[in-house]
Amino acid sequence: MDYSGQALDVQLLVNEAKELVSQLYDPTNTGNPAKIKAIQEHLQNLQKGPHAWLIANSLVTEENTDLKFFGALTFTVKINHDWQNLTQEDTEELIGRLIDHYVFLVNGGERPLVIRKLASSLATIFLKPDAPWTRAIVNLAASLANGKYIHEKQCQTIDLRSTILPAMSESQVVSLLYFSNILAEEVNRLGSDSRRGKDSYRASENIKDAFLLVEFVLAQLLHHDASGRSVSNEVPGTEAINSYQSWIYVRSLFQLHETISATELVPATSCVIQSLKISSLAKTATHILIDLMCWQDSILSSDHIDSILDYLISDSGTAHIASLMEGDFDDENITFLELLLAFSTLKQKQLLTQPLDQKHDRVLALLHTLFRAPGYAAVDDTASPLVLEWWTEVADDLQETYLGSDDQQGLESAKQNLARAALDCFDKLKYPSSEELQSWGDDDRSEFGSFRRDVCDFLLAIYPILGVDLVQVFQAQARSSLERQDWRTFEAAIFCIAQLSEAVDENQHADDCLNSIFFCNEFSRLCEGDGIMIPDKARQTLVDMLGKYQSYFERTHALLPRVLTFLFASLDVASCASTASKSISYLCKSCRNALTIELPAFITQFEQFRFKSTATTHTMEKVLEGIAAIIQTLPSDKEKAHFLERILKFFQEQADMARQEAASGLAEPACGRAHMVLRCVASIGRGLRADGEIVVDSSSGKDEDPYPPTFWNTGDGAVSQNLIMQCIRLLMTEFPFDVAIIEATCDILKAGFTEKTGPYVLPPMVTVDFVKSIPLGTPGTDMVMGTASAFLASHSAHPHQIRDETVALIIHVYETFCWVQEKPELYDPEIANSGIDFLTRLLPKYYPYLFALTFTPQETGDARVYVAGQRPPIVQAISNFTLFSLQGPEPIPLRSASQFWVSILNLPVEAEAVQNTIRDALPALCRILITQVAGRCARSDLEHLCEVLRRVIFKQQGHARPHLSSALADLGNHRTGQSHGHAPSPEERQRFLASLLAARGTRTQTVQLARSFWVKCRGAGFDYIG
């Protein structure tokens, strides 16, 4: 680095840099981001320029801290930018110059910000490939002690422990720790490739020096503290412990366990543990010790563990627990708690399953004490969530240890500890009073709710070990608190029992516990509202709990009337209405056969409820689904019709009211009312289905009526069916394109598809008219066409009975396809997909009716006549549209079209009309398949196209071969959508076709051949058009 002859130019650049740095840190420029950006860009150019070394060298000697910092930063930037251009002599000179600057700045009392930045520059040099610097820590330490740079070779005979470190001042030692720490952090950032070879060697050359430095500093501080003098400056100790942690990571990352063994680490590790006794260092030391215990590395010896134990139960340690018990949850106390939990994890088996000595018994006592800290968990008390997490992990570990094992030694002790922990945390579950809750924000409510859910996980984790004894604990709490009307305790106990439902509801293990609560006089009075007023939160939790014990109530029918009375009463409470409606629905459906006698009372209660403010769409549909489930159990259709008519009249009136509101311009309330009506009518249909009811119509009579006379369409039940149809017609007329109303109408129609007879088994044309009234492309089209497919599926045992309806649905799709092709700008992938998917689904049973449609329909007045017109015949138009979708870029229609043609090609070969359609479409189909496979389609679509291709070859090989050959020959012509000069050679095309034909449609071979051909074409640089 020759600096001669550059002084004048350099000084100008230095002055420029000084001015720019001054502007950069000028507060008046902070509001001008454009100017700041321009300054930074100019400075970066200087940092990478040819004179950057001299600029940096000058700036680090300035008085101003900002300039010194920028000078140090410039060294780092320039080292990274120009390292490859430096000779061996240059790098050695650079190391010496930087160390001299470092020594000068340290001895001058420079601020840590600048020292650290210059340390970072030194670390950057160390990490460069082939840097002539090996024992960097010793070299820097010797130079600091000497007052100026000493070459590394001169340091080889100087002992770091006995000679260098004792000669250094405190500020020099701290600066050496800065460098050691930064060096380790940078080494840890190296990629996996750097963890071998020279980088690993040079890291190993410094690691012993780093730990020796840590030991020296901490030993001095501990000696100082032991002599009764307080440690006034925490920086050396904190830096030493941080350095210890960084180099422990280096040892692990670079696998340097042989370079420095756990035994050699004992002195430094012992010093870190003893640092727990120095208050200013305890927090920093605790963090690294927690990491070491979590690693379960051999670094910590049994003596080390014993030392940590002594600290935990010492006066200094237990003072932190005392602070937590007084509500002081500051960082120091929480950090101590984390150390206690890490130690307890390490000693988990001993603490919970074995006889304990006095020291370990005190640790276990501390663990059981921690849930008694004041305040609400996760809101005021930040300790309880950590303790709960620890106990949950313990429970999971104990399950693995004991469940399914023959060795049950220590299980009783573990059970006692888990049961005690469950009781310990119980008080933490108690919900705040309404007054307290008002002062909470959303975050507080969320955190407390999260804690309660975590308790649920804990209870489910310990139940397999404690069994029904755990339920008895909460049953006793619930029963006693109900007698005292201690609602906060009652709510917490019921919450716990609710969380255990998934573990105990299906079996009868806990029935006695539940009986003790639900058959007591106090619970009966509570359900009947006899002088017992339960607060909303306790009511809400109880309502939720009742809905979770369906199997129990199926076994205990005697309780159903009182429980459902309580649930219906809870519908009036806003905070409980939604949960109560769900519980009513669950219990009515699961216990429907036991509730027939209660039906009149339930309907009366619903009729009272429907005018309440809590009677929302959601709550009403849930209640109605439950009531309908009970109606379904009535022995006669006449009885069913009586109750259904009573309910449905109300909704027919509401539908008429919605129509009147819409006519008056009240669109929003009208739409909301309409939505409510149809959702509720649909929920009645769901409830009327018996559990697991699947009706299979196996009749095969060719002249049977698809809608034969029944009680529900010609008898007294026709009133109910007419009310359902009136609701649909009234509301679909006023709100034809509202997606929520469309969805609810679909649900009503589908409610009858699984039954042979009933109020929801509507005339087939009702479904057809509904589907036709919703143009494809309307939001909700997928649901509408899904309903159409479900309609056809419900009649698949006798497709001939709904021939006209099937044809009407096909023509509806046909007209949409024609409309889209006449106005291409309106093409929508969803329209194409929903229509093609519907046609694909009808093919297995209804294909004769589709392929018989070889004419063009045309509207004439109110009658549909089939005459020749401008539009193509139905089958031809559908075929053309699916082929159009098959060659398009949109993946969803392409895949639907693929499945459509796969289904057609799989139809019986004796179907002449089908074979005629296939032969007419085969030339275009083969051309599209070849063009797509020749690189035009997306890779993800290849497999779908191959499904069509392999069936074409297997089913139609004789007819398809010339068309496939012709399509291959045309590759590269404009008509295929690809440019000349990029297609495979004629030989490659013929080889591809021969291989395809030889594969005879086998899936694996066809896909592999197509993928290879696609890659070959893509690699040839095709011009993909369209």
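**Exercise 1. Describe the secondary structure of residues 40-98 and the separation of their ends.**

Over residues 40-98 the chain is 78% helix and 0% strand, where helices (H or I, at least four residues) and strands (E, at least two) are DSSP runs numbered from the N terminus. The model is predicted: local features need pLDDT of at least 70, side-chain atom pairs count only at pLDDT 80 or more, and totals for chains, interfaces and linings use all residues. Residues are numbered from 1 along each chain as its sequence is written, and side-chain values use heavy atoms, with hydrogens and water left out.

**Exercise 2. Locate Trp133 and state whether it is buried or exposed.**

Step 1. Trp133 sits in the loop between helix 6 (112-126) and helix 7 (136-146).

Step 2. Trp133 counts as buried because its relative accessibility is 1%; buried means under 20% relative accessible area, exposed over 50%, partly exposed in between (1.4 Å probe, protein chains only).

**Exercise 3. Find what surrounds Trp133.**

Step 1. Set aside neighbours within four places in sequence. Contact means heavy atoms within 4.5 Å. The partners of Trp133 include Ile95, Ile99, Phe179 and Arg202.

Step 2. Ile95 is 38 residues from Trp133 along the chain, with 8.3 Å between their C-alpha atoms.

Step 3. The side chains of Trp133 and Asn139 form a polar contact of 2.8 Å. Such a contact is a pair of N or O atoms within 3.5 Å; within protein, one must be able to donate a hydrogen and the other to accept it, and residues adjacent in sequence count only if both atoms are side-chain atoms.
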